[in-house]
Amino acid sequence: MTSPFALSSTTASEISARAVSVRIENVNLSYGDHHVLKSVNLDIRPGEFFAFLGPSGCGKTTLLRLIAGFNRADSGRVLVDDKDISALPPWKRDVGMVFQSYALWPHMTVARNVAFGLEEKHVGRAEITRRVEAALNLVGLGGLGARRPSQLSGGQQQRVALARTIVVEPKLLLLDEPLSNLDAKLRVQVRRELRELQQRLGLTTIFVTHDQEEANTVCDRIAVMNDGIIQQIGTPKELYEKPANLFVANFLGTANILAGQLVQSGADRAFETENGLRIQIAKDADIPANARLVFRPQDVALVAAGEPPGADAAQISGTVAYREFLGAMIRYGVRIGASDVIVDTPFHAGDRLHDVGTEVTLAISIRSARWLAD
Amino acid sequence: MAMTWRASQSRLSATPGQVMLALGIALFLALFLIWPTATVIWVAFTEKGSSTFTLVNFLDFVRTDLFVRSFWNSFYVSAMAVVCASVLALPLAYITSRFTFRGAVLIQTLGFLPLIMPPFVGAVAMQLFFGRNGSINLLLDDWLGFKIAFMDGLNGVIFVQAIHYFPFILINLSAGLRNIDSAMEEAAQNLGASGFRLFRRIVFPLAMPGYVAGASLVFVKVFDDLATPLLLNVKDMLAPQAYLRVTSIGITDPMGYVISVVLIVASVAAIALSALATRGTDYATVQRGGGGLARRELRPWESVLAYAVVTLILLLVLAPHAGLLLLSFATIWSFSPLPDSYTVAHYARIFGESSLYIKNTLVYASLAGLIDVVIGTAIAYLVLRTRLIGRTALDWAASAALAIPGIVLGIGYLRAFYGVQLWDGTPLATLWIVIVLALAIRRLPYALRSCYAALQQISVSLEEAAENLGATKARTVRRIVVPLMTGGILAGFVTSFATAAVELSATLMLVQSNSDAPLSYGLYVFMQSAAGRGPGAALGVIAVLLVAACTILSHIIIERGRAAAESRH
């Protein structure tokens, strides 16, 4: 399948955008007793592709709707290019939003849908025709303007919704779970196209999703949200490598999280987990009270029993509790004491697998392990 | 691959029993719906006494001033009833869909209160309140020195029908508004639309199909109605003219049939219009949710206004009910705002000598309801669960009864079954069972929808599980399908029963002797004389109570069924 966006790169110049910055200042919002957004602070740079990532109910859509003007904050401000827009109604914000349901008006043709925003801005008729055509071409739907939304596939409807939003040249583009109504294969294609289009237009874009893979592949930076609080802001790599807390560690990728305690013996400090793993800690390391040991499954290796541990690894033995064949890698659950440690090992053709019940020795890379407060 | 296997499997599974069932239903519909209707049309297009095709009857129709006037009157009354009903329904729909209104329960009540009273029942009571010498005009005259002609001539029909039928518009329009995804509105706001432009460009067009569906239903109901104009003594409308021609000149006079054809054409046109309006609403984009437009709190003054509007409409809607109740207890009520004194004698009378009406009604309506649910269940099963050839034709035929006005069916029965004689020489058309059959045919479309809905909720796998465990088709239907459909079937029965109990237009044509007459007919006869108004009103109160009880019952059954269906999932 070719990318319809790529085919139409020339028409991108028809739609101009001047990138803006967005600042959320100390925003609080409640529905009755339910505190949905708790002291949210955020800075989005001009031209950035930014994601709000989190499980359902974390407040990410509420925050997006707040920027669009559909929700009103109890306190705090929303600034676009240092201008406070908190008091403006939605129709005066010049902030384009693509809805999760696409919200295409069924009583209008595709072209009329796309023309709507320009008509509301009293753009001249000839100009409207030209720009609608350009926008439809840009999303690869040239020639389908006379159709009804219900005559289009889900992917096409999504493109119409996008065209309808960007044709008015908004200052800011908001995407509310834009890929959630597409099937898996299309999703991968469209997210790549979205990224290309955003790069080409240079438009500051905020993307709401609950899918970490979507956020990681498309966005420059991500704000991970849970329970109305921004847990951490960073690039996908930063979030994965240096999660700020257990929620982020768990939500982005898979993490082994082991409870334990600090043990001081003379000048030596060590962390001992409940299931008997002991890791020496450098003198200058700063470890919070009630810390937990966190490491990724791929930072554990299976080694032959009795092999001397490397300087950089801690060893412990356990039995294989389960095994999942994932193609590129094998995932083992290794039972140590009362808990399972997840181990991912790359799979190469011809490799022998460890059977359930066999005893194995794990070497955990200390360098990549982290201690996070409970 | 799996699909074709299933398809052929299902085609084979049309058992001889199912074929017999389908043939039986086809025969029933042919005899009691298609033949009488075809007879009416045939008579309208043939020369009197012969069977040669002619348009001369229609020429007579357009050349006769009375008929042309009747046609325009019917059209005018129906159109004005739609306008007035819209005036009542629009503010209510607007209040419920745009605002969080604490009086929403009141509006829901308004949405069904008028429907439990047949319009002709309320007509007389409305005369007493709003007539030239009714309570309102007497008070107006006393205080302000003028009167308003609410009930004079066609105005009366429009007024009574609008108050009775506006819930159809309210219900359809509210449903239309509720189905609009709030994102539809937000997307427009996001692109710069607000206020009236937003309403005109997005909300109004999206709600339009619901409104048109409701409005065309009101139009056709009013256009076909016989009893209300008759009770208000308005004769120059189409349905009364058809009735008068057939009853006074005889069943051989072609004009009654010509008018019937006009009524059918109007019905079909209105139904087609409504289908056309809702067809564009193939609004199956990926929208989920719906849940209606964003609502906001009413400001204090808006709240006062909203309550004022709702109260005013509530009073209007309650007027026929209150009037009927007062009348049923009144000794004399004439030229005074309220009755002179009160008595229970009317109730004594109808439970005494006139209890026959009530007994007949219960028998007729139960039998009609029973026939409807049996046929409804059978058709639903044949259409949804078999691949029998012609099964959709059965569905169409049964639903086509919607387009046949009651009076047309009545005339058709008279004409078609008069020639059919029983062994002792009495014509079939004079037997009371014919009334039951007409009622059953009239209510079949509604019962059928109920049965469809019930069967659609049942997963096919429940039946396949039974077959897998060794049950035959017939036993599966008896042990699995019918028990699971009980709620829907019962709701269908109750609806058929309640509406059949107060049907008058077909009944009026078919009742041959007072001893065979149901309640609605008795009511009509009573209301012909001033002395009979008291007992007539008492009968009316009983009819209203009967329908109200059934409506509440069917509501409870449907709600319970829905709860059960949800807990199954």
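One definition before the first stop: a salt bridge here is a side-chain nitrogen of Lys or Arg within 4 Å of a carboxyl oxygen of Asp or Glu. What you have open is a predicted model, where local features need pLDDT of at least 70 and side-chain atom pairs count only at pLDDT 80 or more, while totals for chains, interfaces and linings use all residues. Residues are numbered from 1 along each chain as its sequence is written, chains are lettered from A and ligands numbered from 1 in the order in which they are written, and side-chain values use heavy atoms, with hydrogens and water left out.

**Stop 1: a pair in chain A**

Select A:D43 and A:R23. They form a salt bridge, and the closest N and O atoms are 3.0 Å apart. This pair links distant parts of the chain: A:D43 sits in strand β2 (residues 34-44) of chain A and A:R23 in strand β1 (residues 22-31) of chain A, 20 residues apart. Helices (H or I, at least four residues) and strands (E, at least two) are DSSP runs, numbered from the N terminus.

Now color by accessibility. Buried means under 20% relative accessible area, exposed over 50%, and partly exposed in between (1.4 Å probe, protein chains only). A:D43 is partly exposed because its relative accessibility is 41%, and A:R23, at 34%, is partly exposed as well.

**Stop 2: across the chains**

How many salt bridges does a search of the whole structure find over all chains? The count is 29. Go to the one between B:R201 and A:E119, whose side chains meet at 2.4 Å, N to O. It crosses between chains, from helix α10 (residues 195-224) of chain B, which holds B:R201, to helix α3 (residues 110-120) of chain A, which holds A:E119. Are these two buried or exposed? B:R201 has a relative accessible area of 9%, so it is buried, and A:E119 is buried at 19%.

B:R197 is partly exposed at 30% relative accessibility, whereas A:E120 is buried at 10%. Finally, bring in A:R112: salt bridges that share partners join A:R112, A:E119, A:E120, B:R197 and B:R201 into one network.

**Stop 3: a nonpolar patch on chain B**

Switch to a surface view and select B:V363, B:L367, B:L370, B:V374, B:W432 and B:I433. Together they form a nonpolar patch on the surface with about 470 Å² of accessible area. Patches are made of residues with over 30% relative accessible area and no salt bridge; like charges are joined within 9 Å, nonpolar side chains (Val, Leu, Ile, Met, Phe, Trp, Tyr) within 5 Å. Accessible areas come from the Shrake-Rupley method with a 1.4 Å probe, and for residues only the protein chains shown count as cover.

The elements giving two or more residues are α16 (355-385) and α19 (432-456) of chain B. Of the contributors, α16(B) gives the most, with four residues. B:V363 lies in α16 of chain B and is partly exposed at 33% relative accessibility.
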